[in-house]
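Subject: The two-chain model, and what turned up in it

Hi there,

Here is the structure I promised to pass on to you. Have it open while you read, and take your time with the terms.

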Amino acid sequence: MDAYLIPAVDGVAYGLLLFVVAAGLTLAFGVGDVLNLAHGTLFAFGAYAAAKISDGSWGSLALAVLVGTAAAGLGGALLSLLLTPLAGRGHLAQALLTFGVALVAGDRLTAMFGKDELALTVPKSLDRPVDLAGHSYPGYRLALIIVAALIAAALFVVVSRSRAGHFVRATVDDREMVAMLGVSPFTVRTSVLAGAGALAGLAGALGAPIIGAGPRTADLVLMLSLVVVVLGGMGSIAGALVAAIAVGEIQTIGVANPDLSTIAPFVLFGAMALALAARARGLLPSGRSA
Amino acid sequence: MFLPRRLVSIALATGLVLAGAGCAKDDDKSGSAGAASTLKIGFLGSLSGTYQAVGTDLKNGFELYLKMHDGKLGGHPIDLKIGDEGDGAQTAVPAATKLVKEEGVIAMTGIVGGGSVAAVAPLLAQAKIPLIGSNGRPELKDLNGVWTTSFMSSDPGQSIAQYIKDKVNGPVFAIGPDYQGGYDEVGGFTTEFAKIGGQLANPGGKTLWTPFPQTTNFLPFFSQIKSSGAKAVYTFYAGKAAIDFVKQYKQSDIKDLPLYGAFLTEGSVLQAEGDAAKDVFTTCNYSPDLDNEENRKFVAAWRQQFPDATPTTYAVASYDAAAVLDRAIAAAGSNVTAETINEQVAKLGQISSPRGQWQFGKNHAPVQKWYLRQVRADGRALANTLVQDLATVGQ
């Protein structure tokens, strides 16, 4: 069992990181009713910001987080603007538009930052191993677990306690009723997409040393967070947390065990296929419109 | 409206190609006539894309040789025509076609990727132009006219197997990236290691392949190595994967296991790895601190030209490609053609190089000595430092 301690802890780090990204995706879907296939690209904004700005000092990391979060938040708001003419056209039109935006933005990112995976530098004082019950574990990842857990807790508090959170939950339950209360659907969608983008950018800036910053980052993150969102039940934050940790563990324990490593990828997508088959109507509710 | 314009451009393009072909013929004639006529040599390398660093090293190595020899090879002034190989065969073939058909080069050098070599070789064979390649070298059916100054992918692993068997007291774990280059590099080690009675720590004796290029988190693999009871690790990674591997290795549970590898710390990745690379052992056919006359001259000239970069094995292989062409063209005497250059390369024998003496083997790749290096602090910077000689490998 001791052999799996480090992969298990690493799975939590990976899972919490995925949760921060996927929470944005699930909020955008549940509240904004937007299927945002450019979500991985917004993560890449943060990842590239970290690769280019973070140079080993705390200040540079803070700046990278700020720039990445702001850029991805703006990106989310911009997507909301682009989606305005598609109101009432359903999820397929949204998916096509956001996917197109993801392709164009991905191409621009590659043109700006090159085809290479970029190297990441983490703050010097975290760039060393720490002792974890007799095992060595990278200090940065331990710090990431703490920070990501704090972000997750803050997210829960905001959604369940604040006034904005009340609107968010009300919108998930009954979009029309919230509109009747005098809250513009456009405002709701734009602020949720901007917030979701900011979460993706934040996760990108913090998680790039683990997930990477390169041309494949956006697709990888989009795919994993789609799995998380589907497994967690569309629109459910708590469900996303459980699913994200599960996906993280499959990605680490699954790889650490030689017998499991061949089937780990299938477990991931097999579970998603099962969830979709069981709740197919839940994913794309055709009768509903924005 | 559009049709006539397109016709005009087609006519223009055809005219240009014909004119280019005409030039090439003229050059061939002049090349064989006068002793000091200018020769066109084609250089193909990745000057953009993933392998830009390697391609640039190849170009710098070749140009440095030219600069140190007054821009001449075998007494002829050289007009070096440069093509960008890009990321692989898809971009390499058009670039090579341009060098052959439009520039009319008499010989070709460079080429980073094995896939590019495989794709360009038939084109060169058809035009009977010899390739003095300086990096990539796949298995080829027809070796006629194809020479490689670097090494075969399985050579590094083979060269260090005996040393690891003697030094490591226990089983060794083999891990590498899941693609052809990885199979060749790590396979070179495991094959030789098994032959001399070494024992792998891998379950079932099977090398662990990590998905390439998407693996950025190596920690779960390191947990596997830890529980295998290995006493050392052998691996091959390059580029970003090498940086991730080495950095995470030194913060993981197996940080105290000796790490042996090929290319793990070669070139620009070393500075990115930083202190995590300290003590890592690599096998290489070159080390900048080798003590021989040719290397002293080479390193001095390199440092003057590129004060911020350490010379790499890539640069040396390309420098040697220029040296091979230099001697072959000189030996061809008054009749320098693509064919005579190829004939003379076959007769060269020992070549003096910054890496020591080597010669072409039966497979048109070097029979050469390999060296064990360890990353140590050299002043303020980290450097691959020569430890000792390893085996001589080649066929």
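This is a predicted model: local features need pLDDT of at least 70, side-chain atom pairs count only at pLDDT 80 or more; totals for chains, interfaces and linings use all residues.

Residues are numbered from 1 along each chain as its sequence is written, and chains are lettered from A and ligands numbered from 1 in the order in which they are written.

**Chain B as a whole**

Chain B has twelve helices and 15 strands. Helices (H or I, at least four residues) and strands (E, at least two) are DSSP runs, numbered from the N terminus. The C-alpha trace of chain B spans about 70 × 60 × 40 Å along its principal axes. How does the radius of gyration of chain B agree with that of a compact globule? For 395 residues a compact globule would come out near 21 Å, and chain B, at 22 Å, agrees with that. (The radius is taken over C-alpha atoms, and the globule rule is 2.2 Å times the number of residues to the power 0.38.)

Of the 395 residues in chain B, 52% count as buried. A residue is buried if 20 or more other C-beta atoms lie within 10 Å of its own, exposed if 12 or fewer, and partly exposed in between, with C-beta atoms placed from the backbone. Among the contacts in chain B with a separation of 6 or more, 71% are between residues 24 or more positions apart. Two residues are in contact if their C-beta atoms, placed from the backbone, lie within 7 Å.

**Where the chains touch**

In chain B, 22 residues are in contact with 22 residues of chain A. Helices α7 (219-228) and α8 (239-249) of chain B each supply at least two residues of the side that touches chain A. The largest share of that side, seven residues, comes from α7(B). By class, the side of chain B that touches chain A has six nonpolar, eleven polar and five charged residues. Here Ala, Val, Leu, Ile, Met, Phe, Trp, Tyr, Cys and Pro count as nonpolar, Asp, Glu, Lys and Arg as charged, and the others, Gly among them, as polar.

**Two helix pairs**

In chain A, helix α1 (residues 5-30) packs against helix α9 (residues 217-232) at an angle of about 65 degrees, with the axes 9 Å apart. That makes α1(A) roughly perpendicular to α9(A); the label covers 65 to 115 degrees, while angles under 35 count as roughly parallel, over 145 as roughly antiparallel and the rest as oblique. Axes are lines fitted to C-alpha atoms, for helices over the stretch in contact, and angles run from 0 to 180 degrees between N-to-C directions. The residues of this contact divide into nine nonpolar, three polar and no charged.

In chain B, the axes of α11 (residues 313-332) and α12 (residues 338-346) come within 8 Å and cross at roughly 110 degrees, so α11(B) and α12(B) are also roughly perpendicular to each other. B:Val324, B:Ala328, B:Ile329, B:Ala331 and B:Ala332 in α11(B) meet B:Thr340, B:Ile341, B:Gln344 and B:Val345 in α12(B). That contact has seven nonpolar, two polar and no charged residues.

**Some single residues**

Most residues other than glycine have a negative phi. A:Ala133 has a positive phi, near 50 degrees; A:Ala133 lies in the loop between β1 (129-132) and β2 (135-138) of chain A. A:Ala133 is exposed, with 9 other C-beta atoms within 10 Å. B:Lys128, not a glycine either, has a positive phi of about 60 degrees and is found in the loop between α4 (114-127) and β5 (131-133) of chain B. B:Lys128 counts as exposed because it has 12 C-beta neighbours inside 10 Å.

Is B:Ile41 buried or exposed? B:Ile41, in strand β1 (residues 39-45) of chain B, is buried, with 27 other C-beta atoms within 10 Å. Leaving aside neighbours within four places in sequence, its contacts include B:Ile78, B:Leu80 and B:Leu325.

A:Leu220 lies in helix α9 of chain A and is partly exposed, with 17 other C-beta atoms within 10 Å. Beyond four places in sequence, A:Leu220 is in contact with A:Ile211 and B:Gln214.

Happy exploring!
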